[in-house]
Amino acid sequence: MTDLRALIDQRGLVQIMATHSPLSARLAEEAGFDGLWASGFELSALLGLPDVSLITMSQHLEMLGQIQARCKLPIVADIDTGFGNAVNVVFAIQEYERAGATAIVIEDKTFPKVTSLAADGRQELLRIEEFQGKIEAACATRSAPGFLVIARTEALIAGLGQEEAHRRARAYVEAGADMVLVHSKQSTPDEIEAFIDAWDGAAPLVLVPTAYPEMTLARIRATGKVGMVIWGNHAIRPAVTAMQQAFARIIADGGIHEVDKDIVPVSEIFRLQDMDAVKKTEKRFLR
Ligand code: SPV
Ligand code: MG
């Protein structure tokens, strides 16, 4: 398991791809991403549920464990609000470290939370002091020094403005956060770039540019203040696009004869399932 902190020190900026399954994790690894985002949004969507604190810690940990068993990339776990107060955070950190996470992101919303990018989402934030307690609890509980505690502020998402976002980000770094994720749902990078410009660099920032896709990797790197970019839901959305298109074509074409040439062959799925290993095992042990 790679030490993400060391990787960020070495590279300056790492790219983390969203995932919801061992299969999507393996594809992200083969594509060359530096790590995985064990996304609550993606797992909720996979289960056909809205991302409003419905999935349990056990469900999320199970996904993480399954991914970890099949993929070597470091995992950044999206632990939402930490499943309760600081007491719950202590328990969660123990569980996520045991499950093999390299980092956690914890957000300053109240439980149950509402997904950030919903147009009219009900966004309520915790008192700063209470969230500082959760950050301190996470830092005091981790056992691996390389385990990153990333504080996520939803101040811009909640419409509280730049000043409040900075006040919160600074307070979370004072509480011990290694990095600060600042989230925005504006459709242009203006809001996030204004935040970055005024940031004193007390800790590296983390961005999730889903809503403002013109914020390219080069543009993010040029700020010099961002250590991690999370491509937040880019495993589940391309999967949905691909399935919608293929399913519609099968209905329209009256069979799979047309679509077949545009999808991976079954042999590619065998490769991703490690069927070769099964063959070797058969040869060695089946008598
Ligand atoms: C997630 O992927 O679960 C996130 C990112 O938290 S977002 O959905 O943009 O809030
Ligand atoms: Mg989430």
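First, the conventions. Residues are numbered from 1 along each chain as its sequence is written, and chains are lettered from A and ligands numbered from 1 in the order in which they are written. Since the model is predicted, local features need pLDDT of at least 70, side-chain atom pairs count only at pLDDT 80 or more, and totals for chains, interfaces and linings use all residues, while side-chain values use heavy atoms, with hydrogens and water left out.

I start with the domains. There is a domain 1, residues 4-234, and a domain 2, residues 240-285; the bounds come from an automatic or database domain assignment. Between their C-alpha centres the distance is 33 Å.

Now the empty space. Rolling a probe the size of a water molecule over the atoms shows where such space is left. The search runs on a 1 Å grid over the protein atoms alone: a cavity is a set of points where a 1.4 Å probe fits but cannot get out, and a pocket is an open set with protein on both sides within 12 Å along at least five of seven lines. Lining residues have an atom within 4 Å of a point. Grid points are joined across faces, edges and corners, and a volume is the space filled by probe spheres set on the points.

The largest pocket has a volume of about 830 Å³. It is lined by 31 residues, and Leu27, Pro238, Ala239, Ala242 and Met243 are the closest to its centre. Two or more lining residues come from each of strand S1 (14-19), helix H2 (22-31), helix H10 (236-253) and helix H11 (266-272). Helices here are DSSP runs of H or I with at least four residues, strands are runs of E with at least two, and both are numbered from the N terminus. Which helix gives the most to this lining? H10 does, with eleven residues. By class, the lining has 23 nonpolar, five polar and three charged residues. In this scheme Ala, Val, Leu, Ile, Met, Phe, Trp, Tyr, Cys and Pro are nonpolar, Asp, Glu, Lys and Arg are charged, and the others, Gly among them, are polar. Domain 1 and domain 2 each contribute at least three residues to the lining.

The second largest pocket holds about 150 Å³. Its lining is Pro22, Leu23, Arg26, Arg70, Ile269, Leu272, Gln273 and Asp274, which divides into four nonpolar, one polar and three charged. H2 gives the most, with three residues. Both domains give residues to this lining, so the second largest pocket lies between them.

Within H2, Ser24, Ala25, Arg26 and Ala28 are buried, meaning under 20% relative accessible area, with exposed over 50% and partly exposed in between (1.4 Å probe, protein chains only). The cover over these buried residues includes S1, strand S2 (35-38), helix H4 (57-70) and H11. Ser21 is in contact (heavy atoms within 4.5 Å) with Met63 and Ile67, not counting residues up to four places away in sequence. Just after H2, Gly32 has a positive phi of about 110°.

Next, the cavities. There are two of 30 Å³ or more. The largest cavity has about 180 Å³ of space. Of its 16 lining residues, Phe41, Asp51, Leu117, Arg152 and His183 are the closest to the centre; by class the lining has four nonpolar, eight polar and four charged residues. The second largest cavity has about 30 Å³ and is lined by Gly40, Ile55, Thr56, His60, Asp78, Asp80 and Phe83.

Then the core. A nonpolar core is a set of buried Ala, Val, Leu, Ile, Met, Phe, Trp, Tyr and Cys residues joined through side-chain atoms within 4.5 Å. The largest one has 80 residues, of which Val76, Tyr96, Ile104, Ile135, Ile150, Leu207 and Met228 touch the most other members. Helix H6, residues 128-141, supplies the largest share of this core, six residues. Beyond its neighbours within four places in sequence, Ile150 contacts residues including Val76, Ile104, Met179, Leu181, Val206 and Met228.

Last, one exposed position. Asp200 lies in the loop between helix H8 (190-198) and strand S7 (205-207), and counts as exposed because its relative accessibility is 54%. Asp200 and Lys225 are 25 residues apart in sequence and 8.9 Å apart in space, C-alpha to C-alpha.
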